[in-house]
Amino acid sequence: MVKKILIADDHSAIRIGVRQICTSEFPTVVIGEATNYAEVFQRLASDDWDILILDIDLPGRSGLDILQQIRADKLKIPVLIFSFHGEEQIALRALKLGASGYLSKDAADMELVKAINQIISGRKYVSQILSEQLIYLLDNDTE
């Protein structure tokens with residue numbers, strides 16, 4: 001099965017690295033790239049993608065703005081937030097906004113592959129660290 005992955009990041013080195021990981025792991029992958037808000041929506045309108053790998057720090061409008069707009073437009077694309085921001089800072093907010101997962105750019109290559117596979121198969125992805133944070137929050141929910 002051909003996987004269609006859209007990578008939205010303003011740093012070419014990150015896009016190249018993600019492209020390399022994906023093409024080595026998924027032999028029939030189709031990769032698209034975007035560097036800003038407008039390009040993301042142009043690419044989403046021009047093709048059907050299996051997943052959007054989205055950075056938070058994009059020029060102009062942030063990845064979280066893009067995520068909110070995707071959900072407001074009721075687009076059915078799953079989104080993996082891929083960022084240098086620590087999970088404790090952004091991940092819960094991203095998941096509440098409708099992201100299918102959150103992965104730090106510090107993660108190993110195979111963790112990115114695992115996240116992509118999980119999300120494309122219709123499940124959510126959270127790292128072990130984030131999983132523990134979510135369990136802690138649930139255990140300490142006093143409402």
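A residue is called buried if its relative accessible area is under 20%, exposed if over 50%, and partly exposed in between, using a 1.4 Å probe and protein chains only. This is a predicted model, in which local features need pLDDT of at least 70 and side-chain atom pairs count only at pLDDT 80 or more, while totals for chains, interfaces and linings use all residues. Residues are numbered from 1 along each chain as its sequence is written, and side-chain values use heavy atoms, with hydrogens and water left out.

Start with the sheet. Helices (H or I, at least four residues) and strands (E, at least two) are DSSP runs numbered from the N terminus, and two strands pair if DSSP finds at least two bridges between them. Strands of a sheet pair through backbone hydrogen bonds, either parallel or antiparallel. Here 5 strands form an open sheet with parallel pairing, in the order 2-1-3-4-5. Its edges are strand 2 (30-34) and strand 5 (101-104), each of which pairs on one side only. On average, neighbouring strands of this sheet are turned by 20° against each other, direction ignored. Such angles run from 0 to 180 degrees between N-to-C directions, and the axes are lines fitted to C-alpha atoms, for helices over the stretch in contact.

Two of the pairings can be followed in detail. Strand 1 (residues 4-8) pairs with strand 3 (residues 51-54) in the parallel sense, over 4 bridges. A8 has L54 in strand 3 as its bridge partner. Strand 4 and strand 5 also run parallel and are joined by 4 bridges; I81 stands opposite Y102 in strand 5. Along strand 5, G101 and L103 point one way and Y102 and S104 the other way, and all are buried.

Contact means heavy atoms within 4.5 Å. Helix 1 (residues 12-25) lies across strand 1, strand 2, strand 3 and strand 4 (79-83), and runs at about 170° to strand 2. Helix 2 (residues 37-46) lies across strand 1, strand 2 and strand 3, at about 145° to strand 2.

Rings of Phe, Tyr and Trp (its six-membered ring) pair if their centres lie within 6.5 Å; planes under 30 degrees apart count as stacked, over 60 as edge-to-face and the rest as tilted. By this rule the count comes to 1 aromatic pair. The ring centres of Y37 and F41 are 4.9 Å apart and the planes are at 50°, so the pair is tilted. Both residues lie in helix 2, 4 residues apart, which is about one turn of the helix. Y37 is buried because its relative accessible area is 18%, and F41 is buried with a value of 17%.

What lies in the interior? A nonpolar core is a set of buried Ala, Val, Leu, Ile, Met, Phe, Trp, Tyr and Cys residues joined through side-chain atoms within 4.5 Å. The largest nonpolar core has 25 residues, of which L44, L52, L54, I66, I70, V79 and I81 touch the most other members. Strand 1, helix 2, strand 3, helix 3 (63-72), strand 4 and helix 4 (87-96) are the elements that give two or more residues to this core. Apart from this core lies another, of 21 residues, including I31, I53, F82 and I120. Not counting residues up to four places away in sequence, I70 touches F41, L44, L52, L75, I77 and V79.

K105 is buried because its relative accessible area is 12%. K74 is found in the loop between helix 3 and strand 4, and K74 counts as exposed because its relative accessibility is 65%. Most residues other than glycine have a negative phi. K74 has a positive phi of about 60° although it is not a glycine.
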